[in-house]
Amino acid sequence: MKFVDEYRDKDAAARMAAAIAQVTTRLWTIMEICGGQTHAIVKYGVDRLLPDAITLIHGPGCPVCVTPVELIDKALEIAALPEVIFCSFGDMLRVPGSHSDLLTIKANGGDVRIVYAPLDAVKLAQHHPEKQVVFFAVGFETTAPATALAVLQASQLNITNFSMLVAHVCVPPAMEMILSAPHNQVQGFLAAGHVCTVMGYTEYELLAQRYRTPIIVTGFEPLDILHGIYLCVKQLEAGRATVENQYARAVRREGSREAQQIITEVFEVTHRQWRGLGVIAGSGLGLRERYAGFDAVRRFGAAAPGAMTPTECISGLVLQGVKKPQECPAFGTRCTPEQPLGAPMVSTEGACAAYYRYRRLPNSRTALQETNP
Amino acid sequence: MCLAVPGKILSITDEDDALLCAARVSFGGIVKEISLAGVPEAKLGDYVIVHAGFALARLDEQEAQRVFTTLRQMDETSR
């Protein structure tokens with residue numbers, strides 16, 4: 001596939017890895033913020049191509065993983081109602097709430113459906129006027145335009161049986177939280193390329209300056225990630241800290257003004273609780289008052305405080321990059337994608353799922369392109 | 001969740017309202033209807049990067065070559 005295959009070329013990746021080794025003279029710790037990049041790194045063995053001096057830390061960029069348990073419980077409560085068709089991205093179905101998950105609600109007769117796009121949920125509402133269609137709006141700035149557009153279209157078409165349970169989160173406040181933590185180890189960031197297609201990267205310029213940390217806007221294919229690391233190491237070695245755009249084929253500095261307009265028309269910035277991390281100020285998006293009619297919380301009542309049973313899951317530490325998934329005592333035994341204790345084992349962006357899926361046990365090695373379709 | 005896939009625009013719906021503008025986009029042969037509300041400048045034959053049914057950006061062919069140019073330059077200087 002064009003714009004994909006050429007960035008998975010084994011030879012090009014090896015040459016880029018050699019270039020990284022050539023410019024590296026000291027120890028450096030770099031965090032990739034996005035779970036999509038974590039999966040690519042583990043799947044293609046990108047980290048194993050790097051010199052020992054470079055450590056990659058996996059960031060909290062997995063919206064499914066950080067959705068608070070209270071909202072999952074609310075989703076389960078709504079999904080179990082007989083008059084509701086509950087729509088969600090597939091990733092959310094196995095995420096454990098306090099006592100259950102969406103898949104179990106579905107198995108018990110709840111009408112839970114996986115949709116590819118939020119607009120598909122609006123269409124469902126059009127086709128089922130006798131039902132309440134609720135969409136679970138989970139995601140970063142990448143997903144926000146698509147969910148905001150669904151609200152706008154439902155509003156334009158006067159669809160009254162459509163609402164949204166909003167759990168949107170924003171990346172820059174989480175990066176700032178990591179950088180300002182007293183024990184921060186991150187010296188350079190790979191910023192999430194697709195978030196930047198929407199938002200651009202001017203916000204990151206302030207962060208790079210304030211925390212003297214290079215931030216490289218990076219794509220998702222193995223060669224993109226290696227190139228992002230190369231640019232980051234070059235800056236670190238030279239003592240520079242600026243924002244560079246590795247993913248210029250898709251990202252412009254100002255992002256997509258049209259997509260931003262759609263977001264700001266529908267959403268406003270709110271504080272948001274991140275599962276495993278706590279409340280991060282200004283890190284969420286919520287519906288504006290003029291679209292409050294589409295707010296599932298207004299329609300079905302507010303979420304009750306979660307009562308999570310304590311487990312041995314260490315997902316909070318994994319999400320902060322403090323621990324690696326295999327350091328968890330339950331990893332791969334009492335916690336698997338089929339029977340997860342924590343969200344990072346469920347999501348296609350969760351670090352635990354990546355390590356489990358690609359068999360990252362201490363002695364295994366993954367070769368680049370070995371699993372390339 | 002931020003997974004986005006490049007696809008080629010096969011046809012664009014005739015729609016005055018930019019918010020309703022959509023296209024048929026081929027992802028290596030799989031065709032889906034995609035909103036173009038975020039990329040009103042996109043034209044027939046363009047490649048767009050798509051997430052959750054929403055085209056996030058038009059892909060720039062020239063910029064796409066940059067990493068390969070960098071590699072070639074590195075090869076030349078190391079020779």
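Q: Two strands pair if DSSP finds at least two bridges between them; over how many bridges do S4(B) and S5(B) pair?

A: In this predicted model, local features need pLDDT of at least 70 and side-chain atom pairs count only at pLDDT 80 or more, while totals for chains, interfaces and linings use all residues. Residues are numbered from 1 along each chain as its sequence is written, and chains are lettered from A and ligands numbered from 1 in the order in which they are written. Helices (H or I, at least four residues) and strands (E, at least two) are DSSP runs, numbered from the N terminus. S4(B) and S5(B) are joined by four bridges and pair in the antiparallel sense. Within this pair, Ala57(B) of S5(B) lies opposite Ile49(B). Two residues separate the strands of this hairpin, and Ala52(B) has a positive phi near 50 degrees there.

Q: Which other strand is joined to S4(B), and by how many bridges?

A: Strand S1 of chain B, residues 5-12, runs antiparallel to S4(B), with four bridges between the two. Here the partner of Pro6(B) is Ile49(B).

Q: Is S4(B) mostly covered or mostly open?

A: A residue is buried if 20 or more other C-beta atoms, placed from the backbone, lie within 10 Å of its own; it is exposed at 12 or fewer and partly exposed in between. S4(B) is mostly covered, since five of its five residues are buried. Tyr47(B), Ile49(B) and His51(B) point to one side of the strand, whereas Val48(B) and Val50(B) point to the other, and all are buried.

Q: Which strands form the open sheet with mixed pairing in chain A, and in what order?

A: The order in this sheet of six strands is S4-S3-S5-S6-S11-S10 (chain A). At its edges stand S4 (111-114) and S10 (267-274) of chain A, each of which pairs on one side only. Axes are lines fitted to C-alpha atoms, for helices over the stretch in contact, and angles run from 0 to 180 degrees between N-to-C directions. From one strand to the next, the twist of this sheet averages 25 degrees. Ile280(A) in S11(A) is found opposite Arg272(A).

Q: Which strands form the open sheet with parallel pairing in chain A?

A: That sheet has five strands, ordered S2-S1-S7-S8-S9 (chain A). S2(A) and S9(A) (243-245) are the edges; each has a single partner strand, so one side of each is left without a neighbour in the sheet. Direction ignored, neighbouring strands of this sheet are turned by 25 degrees against each other on average. Within the sheet, S7(A) and S8(A) (residues 215-218) pair in the parallel sense over four bridges. Leu190(A) has Ile216(A) in S8(A) as its bridge partner.

Q: Which residues of helix H8(A) are buried, and what covers them?

A: H8(A) spans residues 171-180, and its buried residues are Val171(A), Pro172(A), Pro173(A), Ala174(A), Met175(A) and Ile178(A). Their cover includes the strands S1 (28-34), S2 (54-61), S7 (188-192) and S11 of chain A, together with the helices H9 (193-199) and H10 (202-210) of chain A.

Q: Where is Phe140(A) found, and which residues is it in contact with?

A: Two residues are in contact if their C-beta atoms, placed from the backbone, lie within 7 Å. Phe140(A) belongs to the loop between S5 (132-139) and H7 (144-156) of chain A. Because Phe140(A) has 27 C-beta neighbours inside 10 Å, it counts as buried. Leaving aside neighbours within four places in sequence, its contacts are Pro63(A), Val169(A), Cys170(A), Val171(A), Val195(A) and, from chain B, Cys2(B). Ser155(A) stands 15 residues from Phe140(A) along the chain, and their C-alpha atoms are separated by 22 Å.

Q: How many residues does each chain give to the contact between chains A and B?

A: Chain A gives 43 residues and chain B gives 29. On the side of chain B that touches chain A, the elements giving two or more residues are S4 (47-51), S5 (54-58), H1 (61-64) and H2 of chain B. Of these, H2(B) gives the most, with five residues.

Q: At what angle does H2(B) pack against H1(A)?

A: Two packed helices are described by the angle between their axes and the distance between the axes. For H1(A) (residues 10-23) and H2(B) (residues 66-78), the angle is about 60 degrees and the axes are 11 Å apart. H1(A) makes the contact through Ala12(A), Arg15(A), Met16(A) and Ala19(A), and H2(B) through Leu71(B), Met74(B) and Asp75(B).

Notes. Pairing = 2+ DSSP bridges.
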